[in-house]
Amino acid sequence: MEDTLSSFDSYRRRRVKNSLQTRRNTMVISSGGGGNSSCVLLVLYFCLFYQSLSLALSSSSSSSEIISRFQQYLQINTAHPNPNYYEAADFILSQAKSLSLESHTLEFVKAKPVVVLKWPGTNPNLPSILLNSHTDVVPSEPHKWSHPPFDAHIDDDGRIYARGSQDMKCVGLQYLEAIRKLKNSGFHPLRTVYLSFVPDEEIGGHDGAEKLADSDYFKKMNVGIVLDEGLASPNEYYRMFYAERCPWWLVIKASGAPGHGAKLYDNTAMENLLKSIENVRRFRAAQFDLVKAGLKAEGQVISVNMVFLKAGTPSPTGFVMNLQPSEAEAGFDIRVPPTTDPAYLERRIAEEWAPASRNMTYEFKQKGSVYDKFGKPILTADDSSNPWWALLEGAVKKVNGKLGKPEIFPASTDARSFRDKGLPAIGFSPMTNTPILLHDHNEFLRKDEYLKGVDIYESIIEAYASYLEHTKGEVPRDEL
Ligand SMILES: CSCC[C@H](NC=O)C(=O)O
Ligand SMILES: [Zn+2]
Ligand SMILES: [Zn+2]
């Protein structure tokens, strides 16, 4: 860890040195006259040098300001079901102003602002880069946290506790801090860099990223690559995601004749439902065993988790105890990797989990497709056909970050709205040596890890925004 941090520091020093060097070179080229003009130029030189030095000093000494801005964002309560979206939007807009970024607030749905920021590139004809993050967070149970989830308290070991510290207010603000550093260093992007701060990801993104991706405004943005969220890594390897599992939310229902609680008879609703649940549990265990044995990664198996059970005849004191009910239901959150055959799973549901022969029916509350409109699995290429993948890898390695194997995101993110449009989208949240605490109690991110992530994005944005080639991964406008 020490090593990694010190190499990040030396990278920072190199950048400062380079930026001073660039400014010095500019001066040398522009000086050329003699006499008084040399004097004026000398003064100018020192002014510029002083300015560069103070800029450099301010960027190297502003860790506490960077952390304080992160805390401010975390302190805005954007938890469902009543997220304070306007306060979050105002905060982002104030940051944009301090960075002289262009901003636009789009309200596709009332009270659900989508904030889009723009850092114009010197070649606006090249497809742009979109850095996406969501502003909402999931609810919490504050009394089960060691520090209140919207205090952004920092403990003695530098852990910042807050809902959203990992998922994903960190990423949204790290993008902005990286841009602040790049601007301070005098960097000018070749490609336009956009940032989108979208609502509602945690409840499906339909009024947020999905609306943005469907809009004419988005078409005009001419996006060529999207970065979105990934997951924390408990070890030293950063994680990159090229796809995500598809959510299928299944409800199965059993029916049967009611009867006396003391009677043994076949085909009761409860018995039929339990047979299905046993079946589902065997399937779940087999999939989980593949992960436990190290044969498959989490994102490569089908996960099934029972999320509700509903049965029984209510009474004023609870449930009627001597009546076997005529209906019973169970709900499952299923996640299907785009690399599996969904027809196989659907057959299994119809024939084994909810067979009509056992008086069972089923319905999907949500059933995403693993295929795009051309019938191909929705995946972003993680090989040489996608230069953005290699660029990201290179940029992380340049600042001494190590990378794990490409992965499929186990849950859903807004990236799917962009992949649906045929765009490459990479899931990445720079957090190493950090327990995975998204949606959990006591979600936290360490200060040093957050600051390291800013440097990682600085490297990524610099590489992406400087990339000149028109690539295969970029979809021509008229196909969107
Ligand atoms: C199916 S939309 C729900 C999106 C949600 N995203 C993050 O947790 C998820 O459950 O994966
Ligand atoms: Zn998220
Ligand atoms: Zn989430």
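Colleague: Which residue follows α5, and what is its phi like?

Modeller: The residue after α5 is Gly186, and its phi is positive, near 90°. Please keep in mind that this is a predicted model.

Colleague: How many residues does α5 have, and how far does it reach?

Modeller: α5 has 16 residues, and from its first C-alpha to its last it reaches 23 Å, which is close to the 22 Å expected at 1.5 Å a residue.

Colleague: And is α5 mostly covered or mostly open?

Modeller: α5 is mostly covered, since 14 of its 16 residues are buried. For the protein chain as a whole, 39% of the 480 residues count as buried.

Colleague: Is Asp167 buried or exposed?

Modeller: Asp167 is buried, because 26 other C-beta atoms lie within 10 Å, and the cut-off for that class is 20 or more. If we leave aside its neighbours within four places in sequence, Asp167 is in contact with Val137, Glu229, Leu438 and His439.

Colleague: What about His439, where does that one sit?

Modeller: His439 is in the loop between β20 (425-427) and β21 (444-446). It counts as partly exposed, with 15 C-beta neighbours inside 10 Å. Apart from residues within four places in sequence, its contacts are Val138 and Asp167.

Colleague: Changing topic, what sheet do β5 and β21 belong to?

Modeller: They belong to an open sheet of three strands, in the order β4-β5-β21, with antiparallel pairing. Because β4 (153-154) and β21 stand at the edges with a single partner strand each, one side of each is left without a neighbour in the sheet.

Colleague: How many bridges join β5 and β21?

Modeller: Three bridges join them in the antiparallel sense, and Arg159 stands opposite Arg446 in β21.

Colleague: Where does UniProt put the "active site" feature?

Modeller: The record, again an unreviewed entry, puts it at Asp136 and Glu201. Although these two are spread over 66 residues of sequence, they cluster in space, with a largest C-alpha distance of 6.8 Å.

Colleague: Which loops are they in?

Modeller: Asp136 is found in the loop between β3 (128-134) and β4, while Glu201 is found in the loop between β6 (193-198) and α6 (209-214). Asp136 is buried, with 24 other C-beta atoms within 10 Å, and Glu201 is buried with 27.

Colleague: What does Asp136 touch?

Modeller: Not counting residues up to four places away in sequence, Asp136 touches several residues, including His80, Glu201 and Glu202.

Colleague: Which residues are around ligand 1?

Modeller: The residues around ligand 1 are Glu201, Glu202, Gly204, Pro247, Gln366, Ala411 and Ser412. By class, that shell has two nonpolar, three polar and two charged residues.

Definitions and conventions: Residues are numbered from 1 along each chain as its sequence is written. Chains are lettered from A and ligands numbered from 1 in the order in which they are written. This is a predicted model: local features need pLDDT of at least 70, side-chain atom pairs count only at pLDDT 80 or more; totals for chains, interfaces and linings use all residues. A residue is buried if 20 or more other C-beta atoms lie within 10 Å of its own, exposed if 12 or fewer, and partly exposed in between; C-beta atoms are placed from the backbone. Two residues are in contact if their C-beta atoms, placed from the backbone, lie within 7 Å. Helices (H or I, at least four residues) and strands (E, at least two) are DSSP runs, numbered from the N terminus. The expected span of a helix is 1.5 Å times one less than its number of residues. Two strands pair if DSSP finds at least two bridges between them. A residue is near a molecule or strand if its C-beta atom, placed from the backbone, lies within 6 Å of it. Ala, Val, Leu, Ile, Met, Phe, Trp, Tyr, Cys and Pro count as nonpolar, Asp, Glu, Lys and Arg as charged, and the others, Gly among them, as polar. UniProt positions are given in the numbering used here, feature names are shortened, and annotations may be inferred rather than shown by experiment.
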